Amino acid sequence: MVGFVEKNGVLHCDDVALPVIAAEVDTPVYVYSAAHIRAQYDALAGAMVKALPETRQPMLCYACKANSNLAVLKVLQAQGSGLEIVSEGELHRGLAAGFDAGRIVATGVGKQDSEIAVCLDKGIHQFNVESLPELENIQAIAAQMDKSADVVFRLNPNVSGGGHHKISTGRARDKFGISVERIFEAFEMAQGMSHINALGLSMHIGSQVSTVETFEDAFKKLAGIVTDIRAAGHEITRLDIGGGFPIIYNEEDLLDFDAYANWVNEIIEPLGTEIIMEPGRYLVGNGGALLTEVLYVKETSDRDFLVIDAAMNDLIRPTLYDAYHGIEAVENRDAQERVYDVVGPICETGDTFSQERSLPEMARGDLAVIKSAGAYGFCMASNYNTRPLPAEVLVDGDQFTVIRKRQTYQEIIDKDIIPEWL
Ligand code: LLP
């Protein structure tokens with residue numbers, strides 16, 4: 001069994017006892033299981049292998065916004081993954097981890113000139129274009145550089161998908177993609193552009209989408225539009241069908257991948273295009289946890305607080321999305337249960353990981369993990385309250401390595417400048 005499991009009464013990540021990591025690296029620290037990440041990639045790729053013909057396998061482009069640590073990228077690159085990026089920073093990370101530029105797709109509503117230029121220079125697979133002004137800009141930059149840009153247009157299918165309104169991306173009111181009406185205009189425009197190859201469409205309807213019917217509906221919409229665009233005389237040779245697959249935070253249902261893959265085979269495959277997917281959270285989310293230590297047990301007349309050394313600057317999802325994350329004691333897991341609010345040290349009431357959660361009784365110095373933190377955890381961390389970014393550790397079997405050092409106070413302060421005139 002890989003991931004976070006109890007062995008001899010102590011919570012482990014794969015074969016490494018978490019207290020060993022805490023003792024060596026200190027807390028708070030993100031801990032990831034390489035074996036879990038590999039298993040997730042293989043499960044998704046395997047479902048596609050089962051459903052689609054061998055010659056029509058999709059390119060899985062890991063959406064590295066979920067977790068862009070170089071070591072995590074390397075694990076996925078070694079499994080055969082491509083990469084989806086949303087910034088020049090992610091491009092540099094991808095290249096540093098060994099991804100071939102030809103297996104990188106670039107999305108994002110606000111691609112900057114410099115980012116477009118670097119992507120063209122490195123020769124990425126495609127730009128997923130999100131607006132007509134962006135298309136004009138890519139044409140201008142590509143012309144200047146005498147390069148030709150392969151693009152697909154991101155369709156805004158006007159469907160509602162996703163676990164929270166802040167991560168739903170496919171509704172007409174969302175800033176993402178191009179409406180069905182304007183997609184035709186985009187292909188017309190591209191036809192007259194000297195340095196643009198318009199190759200197809202992309203779509204990403206949201207995150208934590210757990211019903212296969214939502215994908216089925218979106219695929220049908222996409223297929224209908226492909227047919228109409230072809231009828232209008234444009235070639236479509238690539239379809240990027242996005243990511244958004246759910247993980248377990250509490251008691252959610254996972255997506256039925258076999259059913260998903262069958263819909264891809266039934267609706268998308270017959271269109272005869274290259275197929276691209278952009279899974280993020282699913283590959284890394286459940287394989288990571290934030291390991292933390294209890295600073296104080298604070299008892300009040302209203303409730304009891306576990307004040308831990310991790311805070312909203314380390315993991316912002318509960319604060320930002322009211323997200324549920326499981327919390328577990330690392331040792332003494334059979335102790336009598338008590339009800340706690342689990343909070344961080346930051347000066348905001350929103351710095352709360354859970355309210356009225358039943359946990360084994362804990363004391364100062366005890367360790368706990370906040371689970372399902374491998375995706376959108378570290379990468380959304382900040383220096384709020386001048387707290388250093390936490391360390392990250394990768395476990396593989398019985399070995400572990402610090403894959404990002406804890407930030408030092410000096411590193412944070414060094415960037416500030418006191419003007420001479422003060
Ligand atoms: N492709 C595009 C174009 C995206 O915008 C995203 C995520 C993905 C792929 C990957 O989606 P995934 O498979 O991870 O669901 N910070 C939020 C999630 C934001 C997702 C943004 N876009 C959270 O913590 O829940």
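The structure is a predicted model, in which local features need pLDDT of at least 70, side-chain atom pairs count only at pLDDT 80 or more, and totals for chains, interfaces and linings use all residues. Residues are numbered from 1 along each chain as its sequence is written, and side-chain values use heavy atoms, with hydrogens and water left out.

**The two domains**
- The protein chain is split into domain 1 (4-32 + 285-413) and domain 2 (34-283), with bounds from an automatic or database domain assignment.
- Domain 1 gives 23 residues to the contact and domain 2 gives 22 residues (contact means heavy atoms within 4.5 Å).
- Both domains supply residues to the shell around the ligand, so the ligand lies between them.

**Around the ligand**
- There are 19 residues around the ligand, and Ser207, Glu278, Arg281, Arg317 and Tyr376 come nearest (a residue is near if one of its heavy atoms lies within 4 Å).
- The shell contains 7 nonpolar, 6 polar and 6 charged residues; Asp, Glu, Lys and Arg count as charged, Ala, Val, Leu, Ile, Met, Phe, Trp, Tyr, Cys and Pro as nonpolar, and the others, Gly among them, as polar.

**Polar contacts** (pairs of N or O atoms within 3.5 Å)
- In the side chain of Arg317, an N or O atom is 2.6 Å from an oxygen atom of the ligand.
- A polar backbone atom of Arg281 lies 2.7 Å from a ligand oxygen atom.
- For Gly244, a backbone N or O atom is 2.8 Å from an oxygen atom of the ligand.

Key:
Polar contact = N/O pair within 3.5 Å; in protein donor to acceptor, adjacent residues only side chain to side chain.
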